[in-house]
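Subject: Handover of a structure, with notes on its salt bridges and pockets

Dear colleague,

Please find below the structure that I am handing over to you. My notes on it follow, and I would be grateful if you read them with the structure open.

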Amino acid sequence: MKKIHFEDITEELIKQAPEGKYSPSRLRNKDGLRYAILRGHFLWVSRVQYNHKGNLLVSTSSGDGLIKLWDVKTGKCIKTLFETGNQHIEGAVFSPDGKQLAAFYQTGEVKVWDLKTFELLFETCNSGWLNDLTFSPDSTKIALAGVYRDDPYRCGSYKEDDAVMIWDIRTGNKVRRLSAQYEADDRVFYEDSTKKLVLSLVINSIAYRPDGAYLAAGTNDCSVKTWNPAIGKHVKAFWAHDWQIKDVEFAHKTDWIATASDTVCVWSSETGNLIREFEFTNYAERLEFSADDSRLAVYYPNSHAVVVWDVESGTKICRYVDDRYTVFDISFCPDGKHVALAMDNSTIRIWDLPE
């Protein structure tokens, strides 16, 4: 495994990289690895994602409330979206067809724009807290994971429920509610006041399988829940972690699903069988498959490290280390040659993978 250090990227060098000045091939660290630094946010960058072609990158900051679109080839910011009062943005996501951009906020608000005209196509405001958003494979629907209140206008006592909501962007209608409170096992408890059997779940991450057959959710009860989103039926749940699941991602060309928790696991979503487990020194928070599913990039926050794994062999390909900064999100470029990271020092780093 090649261990790549980035301590030589000084604050002075970061300040010399204004947006639009560098392309991903202009700079090299002491190991000879090419990288780029994209600057434009004022505070930490919370999410980053490539589009399906790999020519655009979207970044968001829950600190400054900005949504930025970047030209990957030139490193130039080509569009900035900002709305006063919406600093609580959680992230922005490209649709699979690359024609739409969705932004979701911790306060429950969601907006979808046309990427050519930036016309607002869809808008909703849910009473609750959103943790994740994903498009359906055909780009016609969005699924939202979060906490929903039964009545936003009631004072005092009200019911909060963790669920996945599916909306049709074309009609603006809610088409499905997938509740996390559907399965009784040894993780349930009784409420003292009502003796009602309930589940205490938080949905941290959701993902559609590329064929649309399953929608998966990673929860705080160490499990992955899967539904058939077309009919809203729960399919299965499976456990192999001793800690909450922070992220779930489907592979692009197989039925595999990867989970980030105390370890990183790859499963068959059809059978629930464990295919591969990747063990590290501490827990994982974010992960993503390469476009050909041969590699898996994983962020381990306590080690300030991003590890790229070979999925078939289970070995480490490389490890990026920088103890000074926190990574909030990672995204694999579709060409498989670059990894983009959202950093807490208000920058985005794009790193070349070693040959």
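The strands named in this message are DSSP runs of type E with at least two residues, numbered from the N terminus. Please keep in mind that this is a predicted model.

I begin with the salt bridges. Side chains of opposite charge can pair when their charged atoms come close. In this model the count comes to 10 salt bridges.

One of them joins D132 and R47, with 3.5 Å from N to O. D132 belongs to strand β12 (residues 128-135) and R47 to strand β4 (residues 47-50), so this pair ties together parts that are 85 residues apart in sequence. Are these two residues buried or exposed? A residue counts as buried when its relative accessible area is under 20%. D132, at 7%, is therefore buried, and R47, at 13%, is buried as well. R47 and D132 also belong to a network of salt bridges that includes E90.

Another residue to look at is K111, which forms a salt bridge with E109 (3.5 Å, N to O). K111 is buried at 7% relative accessibility, and E109 is buried at 14%. K111 also meets E123 in a salt bridge, at 3.7 Å from N to O. E123 lies in strand β11 (residues 120-125) and K111 in strand β10 (residues 109-114), so the pair ties together parts that are 12 residues apart in sequence. E123 is partly exposed, with 46% relative accessibility.

The largest pocket holds about 1000 Å³ of space. It is lined by 42 residues, and those closest to its centre are Q49, F94, E249, H252 and E288. Which strands each supply at least two residues of this lining? They are β4, β8 (89-94), β12, β18 (203-208), β22 (247-250), β26 (286-289) and β30 (327-332). The lining of the largest pocket divides into 23 nonpolar, 11 polar and 8 charged residues.

The second largest pocket holds about 390 Å³. Of the 13 residues that line the second largest pocket, R47, E90, N131, K246 and R286 are the closest to its centre. Strands β8 and β12 each supply at least two residues of its lining, which divides into 3 nonpolar, 5 polar and 5 charged residues.

Yours sincerely,
A colleague

Methods: Residues numbered from 1 in each chain as written. Predicted model: local features only at pLDDT ≥ 70, side-chain atom pairs only at ≥ 80, totals over all residues. Heavy atoms only, no water. Salt bridge = Lys/Arg side-chain N within 4 Å of Asp/Glu carboxyl O. Helix = DSSP H or I, 4+ residues; strand = E, 2+ residues; numbered from the N terminus. Buried < 20%, exposed > 50% of the residue type's maximum accessible area, 1.4 Å probe, protein only. 1 Å grid on protein atoms, 1.4 Å probe; cavity = no way out; pocket = protein on both sides within 12 Å on 5 of 7 lines; lining within 4 Å. Points joined across faces, edges and corners; volume = space filled by probe spheres on them. Nonpolar A, V, L, I, M, F, W, Y, C, P; charged D, E, K, R; others polar.
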